[in-house]
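Visitor: I have a structure to read and would like a guided tour. Where do we begin?

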Amino acid sequence: MTQDISNFAALNLNPAILAAIKAVGYEEPSPIQSQSIPVILAGHDMIGQAQTGTGKTAAFALPLLSQLDPSRREPQILVLVPTRELALQVATACETYSTEMPGVKVVALYGGAPMGPQLKSLRMGAQVLVATPGRLCDHLRRDDNLLATVQHLVLDEADEMLKLGFMDDLEFIFEAMPESRQTVLFSATLPPSIRAIAERHLKEPQHVRIAAKTQTVARIEQAHLMVHADQKPASVLRLLEVENFDALIAFVRTKQATLDLAELLERQGYRVSALNGDMPQAQREKTIESLKDGSLDIVVATDVAARGLDVARITHVLNVDMPYDPESYVHRIGRTGRAGREGRALLLVTPRERRMLQVIERVTGQRVGEIRLPDAEAVLEARISRLADGVGSLLADADTTHGALRQELCERLQCDPSTLAAALLAKLTSGRALDIESVRREQPLTPGAGRGERPRGERPERGDRPERGERPDRGERRPMQPLPEGRVRCRTALGARDGVAAKNLLGAIINEGGMDREAIGRIQIRDSFSLVELPEEGLERLLTKLKDTRVAGKALRLRRYRED
Ligand code: AMP
């Protein structure tokens, strides 16, 4: 039987732990946390079915650290994890949660690193050991008493540990521990091998699992992008450049993250505000009003602060951090597609969170296809289109209203109108590069990791291959075939994700451009743009005719595409 408590303060955690949680900025326990913490604090053995991204580390670390006695300088908590990467991650989390508990020492024990420093930390009286099974066995062979004082054992990602062949090591470790210990097992899946371990080594375990209901999100177009965590800010910047949004809500996990991202976007010139539970109610309401009336375009929010938010202008939801469970995902993306409109939801997924993505797809019953990070060309195209839009609407009256001023400036500066135009452009576009090389140099990024890639430093897993054919933009970076004399390529920022197919482009160019079918060459539809081969002769005329053409409800804006 489990309790569900939705406030950290109500969970009976040690005040020092509560202070640390406040400092990291968690607003409320995630579902797995509010269910697991009371069970673990009560001393029960537990089986938690949860994957990375649900907040499972804090779900066991907070209640176990709450019970730790810092004055005893010997191992009290042992967390077993499958990989070195996870060992470091869990150890860092335990250090963070125990910052207000002086005297608590955490050590990560993993292979591929020298034994010396690990032995030293053990000798200095570390109370929390976070270990991979193989390396822990090496330590146990030197000191078979190492685990004699451990009262709490956590098996984290137990299914992964078994997949990596750690079964024998686990048995060796169980033998070296007191029978009276508490054992908590977390696993994303519960195959028979895990159930067998639980049967042998856990005492009347309680089960904690987050029930998932299927929910539909019909009008919302969804996509995900694989990124490493350190690439998130740069990826967000690029996405914002090419996504054609009216208002957008970006979700992150902590209050601090709302402030950091809002500040980054503000520096880039976006009209943006953070929205988090620390802000007074009046200020939160004002932020939402500003989003409604168009004086703000982006809000960076935590789940708590965005609850119930209903703003029809929101065309996009950007999940910068993964939600804890499919329900909050559905809730988040439901902030768009309001009032019967369509919406677009984007999700950044780090390699460790792939499984959560699968769970979301299963629960929503919809595929969340993969998109690639917009390349420099797409960013440049978007910038030029925006500029053309802004200036284009002024062309009709410009000569009448500003002709005299242009003449005056040309005389004063002794330049011709085209030089003046170029100088004004330089002023107008300051801060945003409009040539391909400069755009490429901005926000340097390693290519996005595909669905199947593992995070750096982790061991590969069997059957873990990038899934081919999933990338709509595959081939985008391949060098282009040279064109015959007199032929050019033109590009539009409309692509498959805008619902554009070759026949739509063909129809528009023939009907509105007055072009012969035979004169139109190869049409390539990519996810975020398309290319069309056309004759060079008469191109300017054709592009002028197509100036106001719309395809699939969006402006075509066909432009000559110059490859570098
Ligand atoms: P995990 O599932 O343990 O890998 O946690 C995933 C991420 O969620 C980590 O970056 C945690 O810092 C974060 N996190 C865990 N619990 C909370 C919470 N209650 N509020 C906000 N973020 C959290």
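Guide: This is a predicted model. Beyond its neighbours within four places in sequence, Leu-65 is in contact with Ile-17, Ile-77, Cys-94, Tyr-97, Ser-98, Met-101 and Val-128.

Visitor: Which residues have the most contacts inside the largest nonpolar core?

Guide: The general idea is that nonpolar side chains tend to be buried together in soluble globular proteins. Here the largest nonpolar core has 42 residues. Leu-62, Leu-65, Val-128 and Val-130 have the most contacts inside it. Among the elements that each supply at least two residues of this core are helix H1 (15–24), helix H3 (56–66), helix H4 (84–97) and strand S4 (128–131). A second, separate core has 31 residues, including Ala-158, Met-161, Ile-173 and Ala-198.

Visitor: Now strand S10. Which of its residues lie on each side?

Guide: Strand S10 spans residues 272–275. Val-272 and Ala-274 lie on one side, Ser-273 and Leu-275 on the other. All four are buried, and both faces are covered.

Visitor: How many bridges join S10 to strand S11?

Guide: Four, and the two strands run parallel. Val-272 has Ile-298 as its bridge partner in S11. With helix H12 (residues 281–293), S10 and S11 make a right-handed β-α-β unit.

Visitor: Last, the ligand. Which residues come nearest?

Guide: There are 14 residues around the ligand; Tyr-26, Gln-33, Thr-57, Arg-253 and Tyr-324 come nearest. Check the polar atoms next. An N or O atom in the Arg-253 side chain is 2.2 Å from a ligand oxygen atom. For Tyr-26, a polar side-chain atom lies 2.5 Å from an oxygen atom of the ligand. Gln-33 places a polar side-chain atom 2.7 Å from a ligand nitrogen atom.

How values were computed: Residues are numbered from 1 along each chain as its sequence is written. This is a predicted model: local features need pLDDT of at least 70, side-chain atom pairs count only at pLDDT 80 or more; totals for chains, interfaces and linings use all residues. Side-chain values use heavy atoms; hydrogens and water are left out. A nonpolar core is a set of buried Ala, Val, Leu, Ile, Met, Phe, Trp, Tyr and Cys residues joined through side-chain atoms within 4.5 Å. Buried means under 20% relative accessible area, exposed over 50%, partly exposed in between (1.4 Å probe, protein chains only). Contact means heavy atoms within 4.5 Å. Two strands pair if DSSP finds at least two bridges between them. A crossover is right-handed if, with the strands pointing away from the viewer, the path from the first strand over the helix to the second runs clockwise. A residue is near a molecule or strand if one of its heavy atoms lies within 4 Å of it. A polar contact is a pair of N or O atoms within 3.5 Å; within protein, one must be able to donate a hydrogen and the other to accept it, and residues adjacent in sequence count only if both atoms are side-chain atoms.
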